[in-house]
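Biologist: Could we go through this model together, starting with the pockets and then moving on to the aromatic rings?

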Amino acid sequence: MVSIPSDYTATVVYRLGDPINAATSAFANNGTDSGYSARAGDHHDGMSYFGLAASGTTPDANNSTRGLLVMNHENISEQYLHVAGQTVVNGARPTSEVVKEMECHGVSVIEVTQSSAGWSYVQGSSLNRRITPYTPMVFSGPVKGSALLFTAYSPDGTAGRGTINNCANGHMPWGTYMTCEENWAGYFRRDSGDNAQRTALVGAKSTQAFTRYGLSQRSGNYGWTTAAEATAGATLIGKFNATIDPTKPVSGTGDFRNEPNQYGWCVEIDPYDPTSTPRKRTALGRMNHEGCCPGRAIAGVKPAFYMGDDAQNEYIYKFVSNTAWVAADATASNRLAIGDKYLDSGTLYVARFNADGSGEWIALVFGQNGLTAGNALYPFADQADVLTHCRLAGDAVGATRMDRPEWTAVNPATGEMYCTLTNNSSRSPAQVDAANPRSYIDPKVNSTSRSTGNANGHIIRLREAGDTTEATRFTWDVYAFGAGSDLDPTNINLSGLDATNDFSSPDGLWFGKPSNASGQVTPVLWIQTDDGAYTDVTNCMMLAAMPGSVGDGGTRTITNTGVSATSTATTRIGKAPGTALRRFLVGPVQCEITGIESTPDGRSLFVNIQHPGEGGNFDKPTSNWPALPTSGSSVIPATSAGTAGTRPRSATIVITKKDGGVVAL
């Protein structure tokens with residue numbers, strides 16, 4: 001069940017398997033269901049709300065009772081999708097199971113409305129849409145047409161199919177949705193010997209780049225490529241086999257050796273036009289994109305978009321458009337063309353955090369900062385090479401390796417950017433720095449196991465020089481350090497967390513925009529967790545916080561004691577949050593709390609509950625959440641215990657205050 005404060009109500013709106021058109025049958029939830037291209041996908045994640053007019057399909061950004069929810073479906077709980085879990089027959093997966101698993105990934109666009117009975121989704125809406133790993137895509141920006149994107153499907157490198165492992169997101173100022181491809185590399189198959197063959201036929205650069213992105217020689221997630229195509233001659237499954245076929249052209253136009261380069265991008269979707277083709281925005285770089293959060297849109301100023309690369313020891317990025325913001329573009333009807341205007345030309349930067357609390361954005365531009373063909377680390381060929389391999393570019397310019405940069409969020413009142421650094425088990429005491437200063441041992445409650453490195457994570461924030469998105473320098477500090485309240489306050493629990501607000505592994509991050517009585521914006525910072533270090537105490541959670549500002553604390557020198565070494569680090573720490581940080585929600589067992597958005601008036605808060613009961617199996621589920629509706633009712637309380645015997649489902653819930661007020665701290 002979901003626990004929330006007593007003056008709030010939470011109900012379930014949209015669950016795994018829910019049909020999105022009138023022709024699709026109700027969900028049986030017993031593994032027999034199919035047709036997920038017309039059902040809600042699995043593992044609900046990043047999410048945005050787009051207002052609709054009272055009738056028709058016209059946008060109304062201020063409507064808080066009718067709109068479109070657009071959300072990512074990051075991954076699958078395959079043990080619950082099939083009748084008796086995954087099937088493997090003579091080493092091969094059944095095509096029907098693979099199609100089901102693939103279609104459960106991607107994005108949902110779904111109409112929702114509020115009535116006197118509460119919120120519900122509209123099953124028959126003409127705007128409802130599923131975007132899957134099969135959906136046609138087009139490329140835009142500097143990498144479009146590059147030989148790095150050549151495949152048998154797109155010999156000219158301008159088109160692709162699908163999006164996968166979509167985690168966080170971005171709500172663009174012109175009314176589009178940005179979905180971001182995160183852990184895409186693991187889905188690809190590369191047979192033993194492909195490294196040697198790739199080096200011999202294509203060159204060492206290709207193998208080096210694949211290695212840097214984790215594209216190892218492996219069978220690929222879920223064994224998809226062992227299945228036959230659903231349609232003879234198709235390559236919707238086969239595209240995930242990136243093994244080189246030596247009989248095909250070296251360019252890659254005859255096989256899918258370059259298919260991994262078609263993933264790892266930000267993908268822009270127009271939620272109001274179900275016939276539109278999503279665009280992969282290559283100017284924003286290729287990485288394990290966690291999200292893409294716009295900075296403040298100010299007329300006459302070039303807008304910025306902040307991104308984290310979610311892997312241990314990776315980087316924080318921002319993209320600054322070449323085009324200054326024009327306020328009228330917020331309501332333009334050609335939304336993807338407006339995206340072209342702001343997102344296809346600009347500069348991608350990577351962050352370096354200095355020990356004195358300053359920082360700089362380093363441009364990742366071919367011909368600058370050593371990003372040339374003569375670079376000793378990796379010989380860059382052109383700007384397409386830099387953007388496709390921006391991790392290698394970050395390495396080459398000396399960016400700061402961070403503790404898993406995940407969601408970014410921008411304070412709408414000040415423009416300060418916050419980024420969750422979820423955790424980093426590989427951060428040893430010898431590798432700490434000012435921005436990632438902790439490495440320690442965190443024992444479990446039962447004392448039979450422990451977590452090491454930066455087990456609990458932290459939230460870093462920065463303020464741009466001159467408070468402008470165009471800045472190339474910034475100041476920074478750490479807003480809050482995750483920790484159990486029982487951990488050492490001198491060296492681990494640096495933010496003084498207590499039993500009402502201690503947390504671990506911050507992940508989701510979002511600023512609300514409610515207004516107080518005088519009309520001034522009072523933003524609430526919402527923090528969501530994806531925790532493995534503190535779930536021996538409580539389930540994953542969501543906290544509400546007042547953000548403070550960079551520099552409101554001081555410096556702290558801490559001593560790190562790891563498994564086999566000790567070190568010290570001096571860091572910049574924000575003011576202890578105290579009662580300005582409170583636990584607001586606790587989720588079901590074995591879930592992740594991720595994805596958040598509100599209606600424009602702040603009175604309805606949508607939250608995603610991902611993979612409840614993920615540790616169970618089809619015959620022994622460890623959760624039955626959410627409950628089924630009672631007879632004659634469509635309302636499903638999120639705070640109810642699950643219905644015994646049913647399989648758990650990822651789901652979207654909506655939280656409202658009983659007195660009708662703004663959802664806030």
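Biologist: How do the residues of the lining of the second largest pocket divide into nonpolar, polar and charged?

Modeller: They divide into 14 nonpolar, 11 polar and 3 charged, where Ala, Val, Leu, Ile, Met, Phe, Trp, Tyr, Cys and Pro count as nonpolar, Asp, Glu, Lys and Arg as charged, and the others, Gly among them, as polar. This is a predicted model, in which local features need pLDDT of at least 70 and side-chain atom pairs count only at pLDDT 80 or more, while totals for chains, interfaces and linings use all residues. Residues are numbered from 1 along each chain as its sequence is written, and side-chain values use heavy atoms, with hydrogens and water left out.

Biologist: How much space lies in that second largest pocket?

Modeller: About 450 Å³, and of its 28 lining residues V12, V13, R15, S634 and I636 are the closest to the centre. On a 1 Å grid over the protein atoms alone, a pocket is an open set of points with protein on both sides within 12 Å along at least five of seven lines, a cavity is a set where a 1.4 Å probe fits but cannot get out, and lining residues have an atom within 4 Å of a point.

Biologist: Which element gives the largest share of that lining?

Modeller: The largest share, 6 residues, comes from β1, strands being DSSP runs of E with at least two residues and helices runs of H or I with at least four.

Biologist: And what lines the largest cavity?

Modeller: The lining consists of L16, D42, S77, Y80, H611, P612, P648, R649 and S650, and the volume of this cavity is about 50 Å³.

Biologist: Switching to rings, why is the pair of W184 and Y213 called tilted?

Modeller: The ring centres of W184 and Y213 are 6.0 Å apart and the planes stand at 35°, so the pair is tilted; rings of Phe, Tyr and Trp (its six-membered ring) pair if their centres lie within 6.5 Å, with planes under 30 degrees apart counted as stacked, over 60 as edge-to-face and the rest as tilted.

Biologist: Which charged residue lies over the face of Y213?

Modeller: R286 does, at 4.5 Å from the ring centre, the rule being that NZ of Lys or CZ of Arg is within 6 Å of the ring centre and within 35 degrees of the ring normal. The charged end of K280 likewise sits over the ring of Y263, 4.1 Å from its centre, and Y263 belongs to an aromatic cluster with Y187, F188, Y222, W224 and F240.

How values were computed:
Grid points are joined across faces, edges and corners, and a volume is the space filled by probe spheres set on the points.
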